[in-house]
Amino acid sequence: MSLWSDVLSLLILFPALVDLLNNGLALKPPMGWLSWGYHECQVDCKNTTVRCLDESLIMSVADHLFNDGYIEAGYEYVIIDDCWSEPQRNEFGQLVPDRERFSRGMKFLADYIHSKGLKFGMYTSLGTYTCKGYPGIRDHFEIDAATFASWDVDFLKVDGCFIKADYLNTGYIDLSRTLNKTGRPILYTCSWPYYIQFIENKMVNFEPIVEHCNLFRTYHDIFHTAGNIYHTVKFFESSYDLMKKYHGPGQWFDPDMLLVGRGLNPTKGIDSFGWLRLQMVVYAMLPAPLLISCNLDAISQKEKELLLNKDLVAINQDMMAVPAQPFAIDPFLTIWVKPHEPKKGNMNPACSFAVVNFHFRDVTIPFFLHKYAVCEPFTRRYSVMDVLNRTFLKNITSLEPIHVTVPSSDAVVYTLFPL
Ligand code: GLA
């Protein structure tokens, strides 16, 4: 038998093989801007405190990404979350964008976003209603997938409010197949494991999830408090074994949005910048999708510099895509270590380590590279880069310590390049 007839008989015997998500997307953790964390369901365009979710907002985000250096740093997707549609479908059963806020329709916005070299993302939910009560995709898979494809959508976040485990377990797979069939590569992000574990209180089977979803939420919504950052980071620290198995090109655990730019709710005595930096460092190391959600008109210079720090983003976008291994020193102090693909002209991997300090005091500790097998093989000498300050510190051997000081509720991160 020829190779071709082998393949044909395989496909006849196992038709599901053609249904697996094979869109070739998200080979690196996706980066971009998503409306929910800052604008939430702000549909009142007369409110002057938070700008409403409308066409002009989305166009201004595309302009900022294009003009302010975000594209060069790797930010690519502009994603509209919940609350974009009319409350009812039209007479053909199709979803309709809110007639006032998106008066020129989604294809117009997609064209604008694409004209800037960016990609366009949208939101729906697997049930009859989205989490905010707008029409969901249930019973409309074919028609909605065709609509999203006709609007040139590149990314679809699919939530899972108000539905039961059985339907979560079949619906996300069916929708993945339906999106595949449109022929348009659409990055598919599922909230499936989150709803199974935390709403349905059932065990998650990751095998079908990684087969059918490019991104998947496994934990609660990120909320703008220090406590929430702590719990999210700790949850992902405890997910390392799962991530080692299931996290990588085309299939990423998603810890929800970055809060850099959005900030934390003001809490007396808490310097929120340290917390935001801590979150960004952990997301770089995991590596997690880097989805900003903030007012880009008003972002502070230091927050913008953090988002645009190319050495930090390089840790996240590294092609080796190995999740950082956490080593807990105590419940409030963890060292995360991760190897990287070798720098040009070098055979040996580079290695990054981050120290994440949840103590309410500064901590100084030594780091010895030779103790972390995850970064083997070691070479004789390394050049040490302080990633947050973007400076080279010194050259060392893998046996020599690097003494680092981490401020209270903050993180530091260093990359060691073999010499
Ligand atoms: C859920 C999701 C959020 C957001 C909202 C929108 O809570 O987890 O990320 O999409 O729904 O209603």
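Predicted model: local features only at pLDDT ≥ 70, side-chain atom pairs only at ≥ 80, totals over all residues.

Let us start with the ligand, where a polar side-chain atom of Asp82 lies 2.7 Å from one of its oxygen atoms, a polar contact being a pair of N or O atoms within 3.5 Å. An N or O atom in the side chain of Asp81 is 2.6 Å from an oxygen atom of the ligand, and for the side chain of Lys157 the corresponding distance is 2.8 Å. On its own the ligand has 310 Å² of accessible area, of which the protein covers 92%; such areas come from the Shrake-Rupley method with a 1.4 Å probe.

Residues are numbered from 1 along each chain as its sequence is written, and side-chain values use heavy atoms, with hydrogens and water left out.

Now to the sheet, which is open and has six strands in the order S9-S10-S11-S16-S13-S14, with antiparallel pairing. Strands here are DSSP runs (E, at least two residues) numbered from the N terminus, and two of them pair if DSSP finds at least two bridges between them. At the edges are S9 (325-330) and S14 (391-397), each of which pairs on one side only. Further in, eight bridges join S10 (residues 333-340) to S11 (residues 350-357), and Ile335 has Val355 in S11 as its bridge partner.

Methods
Helix = DSSP H or I, 4+ residues; strand = E, 2+ residues; numbered from the N terminus. Polar contact = N/O pair within 3.5 Å; in protein donor to acceptor, adjacent residues only side chain to side chain.
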